[in-house]
Amino acid sequence: FFEKMKGDVAAAIIPDHPVPVKQRKHTRTPVPFAIMKPGMKPDSVQVYDEVSCLKGSYGFLKGDQFMKAVFE
């Protein structure tokens, strides 16, 4: 994918927000995310879910920390 792009490209995968079926409403539970960009070394996370992603190199981000992580 990245090989076909021209210039430096960053990609992020992130869901909108959790809506547990049992609660039937939005929650403030952290959502999993993945970031890939040139020069970035992958961490050890192999599964994309709420628990695994929190164990990744970014851990828990607040406020604008996610956007800064993508664009820095």
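User: What volume does the second largest pocket have?

Analyst: This is a predicted model. In it, the second largest pocket has a volume of about 380 Å³.

User: Which residues are closest to the centre of that second largest pocket?

Analyst: They are Ala34, Ile35, Met40, Pro42 and Asp43, out of 18 residues that line the second largest pocket. The largest share of this lining comes from strand β2, residues 34-36, which supplies three residues.

User: And how does the lining of the second largest pocket divide by class?

Analyst: Eleven of its residues are nonpolar, four are polar and three are charged.

User: OK, now the largest pocket. What is its volume?

Analyst: The largest pocket has a volume of about 450 Å³. Its lining has 22 residues, and the closest to the centre are Ile14, Pro30, Val31, Phe60 and Leu61.

User: Which helices supply at least two residues each to the lining of the largest pocket?

Analyst: α1 (50-54) and α2 (65-71) each do. By class, the lining of the largest pocket has twelve nonpolar, five polar and five charged residues.

User: Switching to rings. How many aromatic pairs are there in the whole structure?

Analyst: A search of the whole structure finds two. One of them is phenylalanine 33 with tyrosine 58, a tilted pair with 5.8 Å centre to centre and 50° between the planes.

User: Where in the chain do phenylalanine 33 and tyrosine 58 sit?

Analyst: Phenylalanine 33 is in the loop between β1 (11-13) and β2, and tyrosine 58 is in the loop between α1 and α2. They are 25 residues apart, and the pair links distant parts of the chain.

User: What about phenylalanine 33 and phenylalanine 66, how are their rings arranged?

Analyst: Those two form an edge-to-face pair, 5.2 Å centre to centre with 80° between the planes. Phenylalanine 66 lies in helix α2 and phenylalanine 33 in the loop between β1 and β2, so this pair ties together parts that are 33 residues apart in sequence.

User: Is phenylalanine 66 buried or exposed?

Analyst: Buried, and phenylalanine 33 is buried too.

User: Which residues do the ring pairs link into a cluster?

Analyst: Phe33, Tyr58 and Phe66.

How values were computed:
Residues are numbered from 1 along each chain as its sequence is written. This is a predicted model: local features need pLDDT of at least 70, side-chain atom pairs count only at pLDDT 80 or more; totals for chains, interfaces and linings use all residues. Side-chain values use heavy atoms; hydrogens and water are left out. On a 1 Å grid over the protein atoms alone, a cavity is a set of points where a 1.4 Å probe fits but cannot get out, and a pocket is an open set with protein on both sides within 12 Å along at least five of seven lines; lining residues have an atom within 4 Å of a point. Grid points are joined across faces, edges and corners, and a volume is the space filled by probe spheres set on the points. Helices (H or I, at least four residues) and strands (E, at least two) are DSSP runs, numbered from the N terminus. Ala, Val, Leu, Ile, Met, Phe, Trp, Tyr, Cys and Pro count as nonpolar, Asp, Glu, Lys and Arg as charged, and the others, Gly among them, as polar. Rings of Phe, Tyr and Trp (its six-membered ring) pair if their centres lie within 6.5 Å; planes under 30 degrees apart count as stacked, over 60 as edge-to-face and the rest as tilted. Buried means under 20% relative accessible area, exposed over 50%, partly exposed in between (1.4 Å probe, protein chains only).
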